[in-house]
Amino acid sequence: MIWPTSLRPVEFLPKPFRRLAAGFTQIEIVADINKGQPAGAPGRVALPVAADRESDRKVGMTLVEATGFDAFDSGTLAESWRHQPGSPAYCTDLTRSELPAALARAERDRLAKRRELANAVFSERYEMGKEVPAADFVIRVHRALFM
């Protein structure tokens, strides 16, 4: 079984410390570093948060909201593959009303191919390791390929 990348870090922690909530895994950080907006602002970007325990989910959602994004409960960590690279929710700057449909449209067996396509586009246009793709370009490419 291929685990969502959100679960990999928890495998290395001793059991008493295995607390994890997945969030901030699907934003283009260069683009979103200044995109936080007040609650209720039109077009406010939503970020999915996944966790297995309610206490972890609450912490993750509070952090997302505190940084100016709408937190969206996306379920368990096992389901967090729905907002991993290659999925319609990954780095596409969706709102709270758009995010549920994007998560529902995720197709696990197509994630790897979509990631490869995006990487090919970025590699062709930018010298990887030396240049950082422009944030708006990354979002446009991801929307075209993943949605």
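Of the 147 residues of the protein, 40% count as buried, where buried means under 20% relative accessible area, exposed means over 50%, and partly exposed lies in between (1.4 Å probe, protein chains only). The model is predicted: local features need pLDDT of at least 70, side-chain atom pairs count only at pLDDT 80 or more, and totals for chains, interfaces and linings use all residues. Residues are numbered from 1 along each chain as its sequence is written, and side-chain values use heavy atoms, with hydrogens and water left out.

**Overall architecture**

- The secondary structure consists of five helices and three strands; helices (H or I, at least four residues) and strands (E, at least two) are DSSP runs, numbered from the N terminus.
- Along the sequence, these elements follow the pattern β-α-β-α-β-α-α-α.
- Of the contacts between residues at least 6 apart in sequence, 69% join residues at least 24 apart; a contact means heavy atoms within 4.5 Å.

**The largest nonpolar core**

- In soluble globular proteins, nonpolar side chains tend to be buried together.
- A nonpolar core is a set of buried Ala, Val, Leu, Ile, Met, Phe, Trp, Tyr and Cys residues joined through side-chain atoms within 4.5 Å.
- The largest such core here has nine residues: Tyr90, Cys91, Ala118, Phe122, Tyr126, Phe137, Val138, Val141 and Phe146.
- Helix 4 (111–125) and helix 5 (135–146) each supply at least two residues of this core, and helix 5 gives the most, with four residues.
- The buried residues of helix 5 are Ala135, Phe137, Val138, Ile139, Val141, His142 and Phe146.
- Helix 5 has twelve residues and reaches 16 Å from its first C-alpha to its last. This is close to the 16 Å expected at 1.5 Å a residue, the expected span being 1.5 Å times one less than the number of residues.

- A pair of aromatic rings is described by the distance of the centres and the angle of the planes.
- The structure holds two aromatic pairs. Rings of Phe, Tyr and Trp (its six-membered ring) pair if their centres lie within 6.5 Å; planes under 30 degrees apart count as stacked, over 60 as edge-to-face and the rest as tilted.
- The ring centres of Phe122 and Phe137 are 6.0 Å apart and their planes stand at 70°, so this pair is edge-to-face.
- Because Phe122 lies in helix 4 and Phe137 in helix 5, the pair ties together parts that are 15 residues apart in sequence.
- Phe122 and Phe137 are both buried, and ring pairs link Phe122, Tyr126 and Phe137 into a cluster.
- The charged end of Arg125 sits over the ring of Phe137, 4.3 Å from its centre. A charge sits over a ring if NZ of Lys or CZ of Arg is within 6 Å of the ring centre and within 35 degrees of the ring normal.

**Arg114, a buried charged residue**

- Arg114 lies in helix 4 and is buried, with a relative accessible area of 9%.
- A polar atom of the Arg114 side chain lies 3.5 Å from the backbone oxygen of Phe146.
- Not counting residues up to four places away in sequence, Arg114 touches Gly86, Pro88, Glu107, Leu145 and Phe146.

- Most residues other than glycine have a negative phi, and most peptide bonds are trans.
- Cys91, in the loop between strand 3 (70–73) and helix 3 (99–105), has a positive phi of about 50° although it is not a glycine.
- Cys91 counts as buried at 1% relative accessibility.
- Asp93 lies in the loop between strand 3 and helix 3, and its phi is near 50°, a positive value in a residue other than glycine.
- Asp93 is buried, with a relative accessible area of 14%.

- Asp52 lies in the loop between strand 2 (46–51) and helix 2 (54–66).
- A polar atom of the Asp52 side chain lies 3.1 Å from the backbone nitrogen of Leu77.
- The C-alpha atoms of Asp52 and Ala78 are separated by 8.4 Å, although the two residues are 26 residues apart along the chain.
- Met61 is in helix 2 and counts as partly exposed at 21% relative accessibility.
- Met61 and Ala71 are ten residues apart in sequence and 5.2 Å apart in space, C-alpha to C-alpha.
- Leaving aside neighbours within four places in sequence, Met61 is in contact with Val49, Ala71, Phe72 and Asp73.

How values were computed. Polar contact = N/O pair within 3.5 Å; in protein donor to acceptor, adjacent residues only side chain to side chain.
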